[in-house]
Amino acid sequence: MLAARRLQNSCPQCTAQILKLYVHSIAEISPATARTTRGSISRTRLRPRRNDARFMSTTPRKFRDEQTENPVEEAQPGQLPDELVEIPENELPPPDEDPEVLVRQAKRMFGDTLPEGYLSEAEYKLYKRLYGAPLRPTKPEDVGFGSFGEAEEADVGNALNNVLLRESEEGTLEEVEYTAQSVSTIIGDGEVVPTEEDLLIARPPSDAQLDYIEANARHEGPRLHQYTTEGQFRTSPRTLHLPRLDFVQPITELLRRTDTKHIRAAAEKNFGGPGLPHSPATPRSSRNIPQKGLGLEAGHHRMSEIDADAFIATALPGIYSSVMSTLVEVRKRLGPEWLRGLLKRKDADGEGPRVLDHGAGGAGLSAWQSVAQAEWDVLRDKGEVTGDQPAGKRTVVVGSNQLRHRLSDFLENTQFLPRLPNYVHSVDNTEKQLDAPEVPQKRKTYDVIIATHLLMPLDKEWRRREVLDNLWSMLSPNGGVLIMLEKGHPRGFEAVADVRDRLLNQFIIPPTAAPPAESTEQETGRVREPGMIVAPCTNHSKCPMYLAPGLSPGRKDFCHFTQRFIRPPFLQRILEAKHRNHEDINFSYIAVRRGMPASSSTSSTSAESSPATTEDNTDDVLNIKSIRQGREATDQAFAGYEGVDPDSPDRPHPLSLPRNILPPIKRHGHITLDLCTPAGTIERWTVPRSFSKQAYHDARKAQWGDLWALGAKTRVRRSVRLGKGIVEGVPIPQDGGVRATRAAMSGKKGRPKVVEMDYDSKGVLSGRRKGVVGQRPERRTKGGRIPPRERNVFKEVEDDLD
């Protein structure tokens, strides 16, 4: 049976059969009629079908009187076949007045729309909680029928007119229309056969019709909880499509003047060979090679024409998708008021947000423009703003003139800088310079700074610190957001984790109840100020995956995320890909806000329930409420917020929920989630089917990177495979893994070497090193394997001295 919303795509025969059942009935339901009719709706039992009954048959059936008896065709207006005849109410159970049943009935009948006044206030509130607000009032075409306006009435009139042909004086035939009076036909039993005009009169559906539609409607199934929807880490749709008009087409036109094989050769030369392992993406076949950053940077000053084409064609699509995923998550966690406040900003520095793209080569600005344009369209539809595009200042750092000329073709109203000004050494130390001007130059500040792939090419620690210091000096102290992004491999994660440690220890005061870390103001001369980590961390303590700073060979567990995007045609040709046209970008990132920490009452994603977070409250940022984190927040999240009302003050804050750091493990009857908790630990939570129907359903739909708010039944501490640290003087963290155990026993770099001594009453006989490194492998001979020879360290030393 076809549902009402699928009637438009059905064949004419199916449409005719369904129209005979409920001809234009749903489209003209008035609120008063629906209310009075629905009040008497009762469950209708369907009579058993006769064995000889046939529906939708194309073969004729002859009866004794040689007449075709079709109960559907001979039924009166509003009359149903025998199978749908309503049984008197005294024979039925009492009517079902459950509001949820009525709400689900309305959803199945009208889809994403709803007639005005169809539901009561309590039922409408339940409708919004289950499905969200309806898009608009229901129209006839929403339920499968055309409009009942003047145009359709004219078509009905034309269909009823009769046409005759007569010969004119010139000998040609001309049409002559005449209207025949519609007369109802009366059969022998006194029953009146309806005319076509009677069939086209819209009538409200009967109780049996509503039950019949509901019984054959498609079952929607359970929906996600509101907190689960708010905590999702993904774009919409999940697979990102690059903007065609503003991104794909301009780049395609730029690459037409160059042969694809030349671009491929230049890309393989700069990005590590076939597959481009040193591009923003890391193919699976090249994950065992040395982990490096981008082979060609946007700030590189010496870039040829073909190198610029290769960078635009191979690096920009991947950087765009990773930055877009990060911006969407930041917008969710800070709420819509953050972005709307930037779009409506008007002060002495100008209008709109000030955005800096450093390292992305313009891809970060393109992603920002897409997010800002979507929010701008919403504000324009509400009448709050005017104009087609949002205002603002956009700046990108590009070192090469060849790359700058190409980017200027599709980056409009953008300022290009060859390098960033160094305010740390120029402006801050003006009094120490002999040729300094009397009035120092005004410092440039930005509301959003997108810094991608800047740290990996720098092998010196002091150079990485200079980059962070300079970017922080250019970030607005009134709620500016800094996004640092690197490739999603262990070396990229370690670079981002080092930035996180420095931000927590030297730059910001987190809005948590726990005491802040020991300050290093005396060493650096920097004053810490209020701030917060927006994403992805939900704690402001030490990262559980970065316990020992520095390089850790053999690291298996690290914090990173993924974003899938559809490759544009030019990238597909360069990679010579034939089996698939999508690509997964892995990246590690951190987003930090300066000067305006969020209060505990700020909600994360809902525009209706999120209190406004504007720049008016920046003067009182020190008197904010502490965000609940630590063990208390973890225990509360483990208990779950399924029963907490979204309007309640006890609703969870995004920074009080754990985050999935790995894809969930889905098994039959239970789901296993690997979560980074607000207490700063990695735990494994299990959500079985017996725990909660809603939690089990949402856990099966959970994805990598989502926040989890519905609790679990069991939890255990998960061992993190951190590899073996090689920093001098720093103990290796013992996480229980095989590599960490061997590293602790090996005594490499900074670990004391232990020598086992064999001695008797005469003195020391031999000595051998303890651990895996000092042991010799077993010997393999023709007679079989024999134990290894014991190693005498003292004899080796004597031989070396001789």
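Q: Two strands pair if DSSP finds at least two bridges between them. Which residue in S20 is the bridge partner of Arg684?

A: The partner of Arg684 in S20 is Val716. Before going on, note that this is a predicted model: local features need pLDDT of at least 70, side-chain atom pairs count only at pLDDT 80 or more, and totals for chains, interfaces and linings use all residues. Residues are numbered from 1 along each chain as its sequence is written, and side-chain values use heavy atoms, with hydrogens and water left out.

Q: How many helices and strands does the protein have?

A: Helices (H or I, at least four residues) and strands (E, at least two) are DSSP runs, numbered from the N terminus. Here they come to 23 helices and 24 strands. Buried means under 20% relative accessible area, exposed over 50%, partly exposed in between (1.4 Å probe, protein chains only). Of the protein's 802 residues, 46% count as buried. Contact means heavy atoms within 4.5 Å. Among contacts between residues at least 6 apart in sequence, 69% join residues at least 24 apart.

Q: Back to the strands. How many bridges join S18 to S19, and how many join S19 to S20?

A: Strand S18 (residues 670-676) and S19 run antiparallel, with 7 bridges between them. Leu673 has Trp685 of S19 as its bridge partner. On to S20 (residues 714-717): 4 bridges join it to S19, again antiparallel.

Q: Which residue takes a positive phi in the S18 and S19 hairpin?

A: Gly680, with phi near 80°. The hairpin has 5 residues between its strands.

Q: How many residues of S19 are buried?

A: In a regular strand, side chains alternate between the two faces of the sheet. In S19 (residues 682-688), 6 of the 7 residues are buried, so this strand is largely enclosed by the rest of the structure.

Q: How many residues of helix H11 are buried, and what covers them?

A: 8 of the 10 residues of H11 (residues 305-314) are buried, so the helix is largely enclosed by the rest of the structure. The buried residues run from Asp307, Ala308, Asp309 and Ala310 to Phe311, Ile312, Ala313 and Thr314. Their cover includes H9, H10 (260-270), H12, H15 (401-407) and H19 (569-575).

Q: At what angle do H12 and H13 cross?

A: Two packed helices are described by the angle between their axes and the distance between the axes. Axes are lines fitted to C-alpha atoms, for helices over the stretch in contact, and angles run from 0 to 180 degrees between N-to-C directions. H12 (residues 316-334) and H13 (residues 336-343) have axes that come within 5 Å and cross at roughly 105°. Angles under 35 degrees count as roughly parallel, over 145 as roughly antiparallel, 65 to 115 as roughly perpendicular and the rest as oblique. H12 and H13 are therefore roughly perpendicular to each other.

Q: Which residues meet there?

A: From H12, Val330, Arg331 and Leu334 meet Pro336, Trp338 and Leu339 of H13. The contact divides into 5 nonpolar, no polar and 1 charged residue. Ala, Val, Leu, Ile, Met, Phe, Trp, Tyr, Cys and Pro count as nonpolar, Asp, Glu, Lys and Arg as charged, and the others, Gly among them, as polar.

Q: Where is Arg234, and is Arg234 buried or exposed?

A: Arg234 sits in the loop between H8 (226-230) and H9 (244-255). Its relative accessible area is 15%, so Arg234 is buried. Not counting residues up to four places away in sequence, Arg234 touches Val328, Lys332, Lys701, Gln703 and Asp706. A polar contact is a pair of N or O atoms within 3.5 Å; within protein, one must be able to donate a hydrogen and the other to accept it, and residues adjacent in sequence count only if both atoms are side-chain atoms. The side chains of Arg234 and Asp706 make such a contact at 2.7 Å.

Q: Which peptide bond next to Pro237 is cis?

A: The bond from Ser236 to Pro237, with omega near 0°. Pro237 lies in the loop between H8 and H9. Another cis bond joins Ala535 and Pro536, with omega about -5°. Pro536 is in the loop between S13 (529-535) and S14 (561-566).

Q: Is Leu276 buried or exposed? And Glu576: buried or exposed?

A: Leu276 is buried, at 4% relative accessible area. Glu576 is exposed, at 53%. Leu276 is not a glycine, yet has a positive phi of about 55°. Glu576, not a glycine either, also has a positive phi of about 55°. Leu276 is in the loop between H10 and H11, and Glu576 in the loop between H19 and S15 (582-594).
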